[in-house]
Every structure is written in structure tokens, then in C-alpha cells.
Amino acid sequence: MTTPHPPQEPRQYRAARVAVAALFFTNGAIFANLLPRYPQIKADLGLSNAEYGLAIAAFPCGALMAGLAAGALIRRFRSSRVAVAGTLLTSVGVLLAGLAPSWGVLAGALFFAGCMDAITDVAQNSHGLRVQRLYGRSILNSFHAIWSVGAVSGGLMGGLAAGLDVPRGVHLSLSALLFAVVAQTALRYTLPGPEPIEPGERSEADAQVDGVPARSTGRGRIWLMIAALVLIAVSGALVEDAGSTWAAVYLSGTLGADVAIASFGYIALVGSQFIGRLLGDGLVDRFGQRAVARTGGAITAVGMGSALLFPSVPGTIAGFALAGFGVATLVPAAMHGADELPGLRAGTGLTLVSWLMRLGFLASPPVVGLVADAVGLRVGLLVVPLAGSLVLVLAGVLSAARVTQRAHGKPMEGEGWCAEAEEGR
């Protein structure tokens with residue numbers, strides 16, 4: 001007897017998946033192109049460190065100001081169109097920042113770019129979740145892995161342009177044009193038709209929270225679940241920020257590592273996070289979101305906790321690597337859980353989680369810095385194992401179900417491919 005092969009996804013589904021992956025890649029690459037040009041911008045404008053820091057802070061401030069508008073825009077214009085429009089406008093903001101003749105223009109351009117980036121982020125995740133529902137298995141983690149590839153690629157592009165002394169206007173104009181072409185091409189292959197029906201209107205089989213039908217889920221419980229999902233997402237974001245902001249400082253300052261060696265703390269975190277996201281979809285399908293998140297939380301808590309308890313340079317680098325691997329699936333898991341909550345308008349849960357996660361990103365560096373000033377950075381970095389422990393406690397809000405394949409050719413209501421839907425994609 002031969003074992004039947006699993007059904008292949010229809011060509012349209014595969015095309016939509018590639019299109020969403022392209023949008024994630026461009027979102028990671030666009031802003032990363034600007035980062036290597038920051039020193040030159042600071043020097044050309046004659047900015048003090050304080051002025052420079054305030055200008056850079058305009059980007060996350062813009063993201064916070066505009067992020068809550070994403071849900072309404074998605075419902076009005078569709079997630080695919082919003083993601084592509086946001087991509088184009090983010091490129092414009094980045095270009096204006098690169099050409100800024102003054103501090104005010106720089107801050108304003110970064111504020112605008114932050115607004116557009118936040119909206120793009122929610123829209124592309126929303127569309128990615130539409131594609132995931134059609135696949136009937138987890139694919140969202142792979143999109144986030146591709147975002148990391150885009151960020152690295154954009155950074156390399158910017159670094160090469162800076163090294164070759166390519167004028168910022170030329171470099172960022174070509175970057176904007178390239179990614180505009182990619183985004184516009186991707187739009188042709190995204191899912192057609194309106195956004196799917198709101199979670200509260202899904203069938204009883206689909207609209208469940210932890211196995212409880214939506215009609216039995218109280219409003220208060222929904223908001224408690226949103227709070228738990230936000231904390232899970234913030235935990236993942238906090239660990240990422242600890243690596244990017246404090247890993248090199250801790251390794252070189254507290255532990256006395258060489259500057260080149262100290263850079264491996266962040267490299268280890270990002271590299272292992274990328275691997276974790278590549279493996280994450282298969283693990284989620286096999287074990288469920290809840291088990292994967294709890295295991296990741298335990299790996300983060302034990303790995304970084306041990307590194308801080310027994311401080312050494314190799315041990316700390318390994319601790320950051322384990323932390324990156326442990327939190328790899330947390331943000332995608334929280335976004336998926338928020339998007340599946342019943343009783344909320346389409347895009348609302350995803351928008352709230354994304355917005356509050358950015359708030360955590362903004363608050364994390366000063367909080368760790370204040371603790372470090374008071375009692376030392378080693379104590380401040382305890383936020384990493386504490387974040388892992390928090391995930392262990394809250395992971396029950398995530399689905400325990402293993403993902404099973406839907407029968408292909410039977411998409412969810414509101415997700416069908418039809419000739420009428422192709423009109424006005």
C-alpha cells in the first residue's frame with residue numbers, strides 16, 4: 001500500500017504566499033537602508049547627540065501615533081492595498097530623511113516614515129494571516145524570518161552605498177524605486193476580494209477561543225486575553241531590544257570583552273531567532289502554539305538566567321542565542337491569536353497587539369537603563385529571563401490545538417477565489 005501524498009496548495013495560494021513574503025522583505029529592507037547613513041546625516045547637519053537622539057525617536061513616536069489607524073484602513077481599503085501603499089509611503093519618508101536639510105525636516109520625515117511603517121506592519125501581517133488560513137497550517141513565522149533577511153539585506157545595501165560614497169539621494173531613490181516595483185508586483189498576486197468576515201461572525205467551528213465557542217466567550221474574557229497576548233508580544237520585543245541595545249554594552253563594559261567579540265551577543269540573538277522562525281511553523285503545526293511558546297519561554301528563562309547567574313563572555317553569548325531562539329515565535333503567535341479572537345471587528349485585535357508591542361519597545365530601553373544605573377546592568381538584564389517566565393505563565397491564552405490541513409478547494413468564507421473577486425483587486 002502506498003502512502004498518499006498531502007495535497008498540493010493551489011497555485012493561487014502559493015503565489016499569494018510569495019507575494020506576502022516579498023512585502024515582508026521590502027518592509028525589513030527599506031528602513032535598514034537608512035541606518036548605515038545615520039552617522040553621515042548627523043555629521044552633515046551638525047547635530048549634537050541629544051538632537052540626533054530626539055530626531056531618531058520621531059520614528060517610533062510616529063508608529064505609536066498612527067498604529068491604531070491600521071484596522072480601520074484595512075477594513076476600508078483591504079490589507080493588501082494598505083500594505084503596498086504603506087510600503088511606498090515608507091520609502092518616501094526614508095528618502096526625505098536621507099535628504100533632510102535640517103533637524104526639523106529629519107525628525108518630520110522619520111515621524112512620517114514611522115507612521116507608514118506601523119500601518120504597513122499590521123496590514124502585511126493581516127494579509128499573511130489570510131493566506132495562512134487558506135493553507136490550513138502555520139506559515140506566519142516564515143514571513144517574519146524573511147523580514148529579518150530583508151533587514152540584513154537592506155543594511156548591507158546601505159553599508160555598501162556608504163562605503164562607496166554614493167550620494168544619499170541617489171542611493172535612497174534607487175532603493176525606493178526598487179522596492180516600489182517589488183511591492184506593486186506583489187500586489188498583483190495577493191488575495192483578491194474583501195477582507196474575510198469578522199471573527200465574531202464566523203461559524204461555530206472556526207470562531208472558538210481555547211475550544212470555547214465565541215457565543216460563550218464573555219466580553220471581559222476577550223479583553224483579558226488581549227492583555228495576555230500583548231504581554232506575550234512585549235516579552236518577545238523586550239528580549240529583542242535587550243540584545244540590540246544592551247548586549248554589546250554588557251559584554252564590553254561589565255565583562256570586559258573586546259569590542260569585536262562584544263558584537264556577537266546581538267549577532268547570536270538575531271541569528272538564532274532567524275533559525276527559530278524558520279523552524280517555528282513546523283513546530284507549531286506539530287505541537288501547537290501553546291507548547292511551542294512555553295518551551296521557548298523556558299529556554300529563554302533558563303538560558304539567559306544561567307548566563308547572568310554565572311557570568312562569562314562565552315556563556316553570555318550563548319545565553320543571548322538561547323533567548324533569541326526562545327522568543328522567535330512569540331510575536332507571530334500573539335498576532336495570530338489576536339487576529340482569531342471572536343467578537344472584534346476585522347483587524348482590531350491585530351492592531352491593538354501591534355500598537356501596544358511598539359509601546360513596549362519604546363519603554364524598554366529607559367527602564368533597563370534606570371535599573372542598570374541604580375544596581376548594575378547585570379541586574380537590569382534580568383528582564384530577559386523574567387520575560388521568558390512571563391511567557392510560561394501566560395501561554396495558556398494561545399491555542400493548544402495542532403494545526404490540521406483544511407481540504408483544499410474549500411477556503412474559509414470570505415476567502416474564495418472567483419472571477420468576481422478578481423475585479424478591483
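User: Starting with the largest pocket, how does its lining divide by class?
Analyst: The lining of the largest pocket has 28 nonpolar, 13 polar and 6 charged residues. Keep in mind that this is a predicted model.

User: How much space lies in that largest pocket?
Analyst: The largest pocket holds about 1800 Å³ of space.

User: And which residues are closest to its centre?
Analyst: Trp147, Glu240, Ser244, Tyr266 and Phe361 are the closest to the centre, out of 47 residues that line the largest pocket.

User: Which helices each supply at least two residues of the lining?
Analyst: H1 (11-32), H3, H6 (103-135), H7, H9 (219-254), H11 (264-287), H14 (330-339) and H15 each do.

User: Where does the largest share come from?
Analyst: From H9, with 8 residues of the lining.

User: OK, on to helix packing. At what angle do H3 and H15 pack?
Analyst: Helix H3 (residues 49-66) and helix H15 (residues 348-375) pack at about 155 degrees, and their axes are 9 Å apart. Angles over 145 degrees count as roughly antiparallel, so H3 and H15 are roughly antiparallel to each other.

User: Left-handed or right-handed crossing for H3 and H15?
Analyst: H3 passes H15 in a left-handed crossing.

User: Which residues meet there?
Analyst: On the H3 side, Pro60, Ala63, Leu64 and Met65; on the H15 side, Trp355, Arg358, Leu359 and Leu362. By class, the residues of this contact of H3 with H15 are 7 nonpolar, no polar and 1 charged.

User: Now H7 and H8. How far apart are their axes?
Analyst: The axes of helix H7 (residues 140-163) and helix H8 (residues 168-187) are 11 Å apart, and the packing angle is about 150 degrees. H7 and H8 are therefore roughly antiparallel to each other. H7 passes H8 in a right-handed crossing.

User: What meets what in that pair?
Analyst: Met157, Gly158 and Ala161 in H7 meet His171, Leu178 and Phe179 in H8. The residues of the contact of H7 with H8 divide into 4 nonpolar, 2 polar and no charged.

User: What sits in the loop between H7 and H8?
Analyst: Asp165 is one of the residues in that loop. Asp165 is not a glycine, yet its phi is positive, at about 60 degrees.

User: Where is Arg78, and what is its phi?
Analyst: Arg78 is in the loop between helix H4 (70-77) and helix H5 (79-99). The phi of Arg78 is near 85 degrees, again a positive value in a residue other than glycine.

Definitions and conventions
Residues are numbered from 1 along each chain as its sequence is written. This is a predicted model: local features need pLDDT of at least 70, side-chain atom pairs count only at pLDDT 80 or more; totals for chains, interfaces and linings use all residues. Side-chain values use heavy atoms; hydrogens and water are left out. Axes are lines fitted to C-alpha atoms, for helices over the stretch in contact, and angles run from 0 to 180 degrees between N-to-C directions. Helices (H or I, at least four residues) and strands (E, at least two) are DSSP runs, numbered from the N terminus. Angles under 35 degrees count as roughly parallel, over 145 as roughly antiparallel, 65 to 115 as roughly perpendicular and the rest as oblique. A crossing is left-handed if the near helix is turned anticlockwise from the far one by less than a right angle, and right-handed if clockwise. Contact means heavy atoms within 4.5 Å. Ala, Val, Leu, Ile, Met, Phe, Trp, Tyr, Cys and Pro count as nonpolar, Asp, Glu, Lys and Arg as charged, and the others, Gly among them, as polar. On a 1 Å grid over the protein atoms alone, a cavity is a set of points where a 1.4 Å probe fits but cannot get out, and a pocket is an open set with protein on both sides within 12 Å along at least five of seven lines; lining residues have an atom within 4 Å of a point. Grid points are joined across faces, edges and corners, and a volume is the space filled by probe spheres set on the points.
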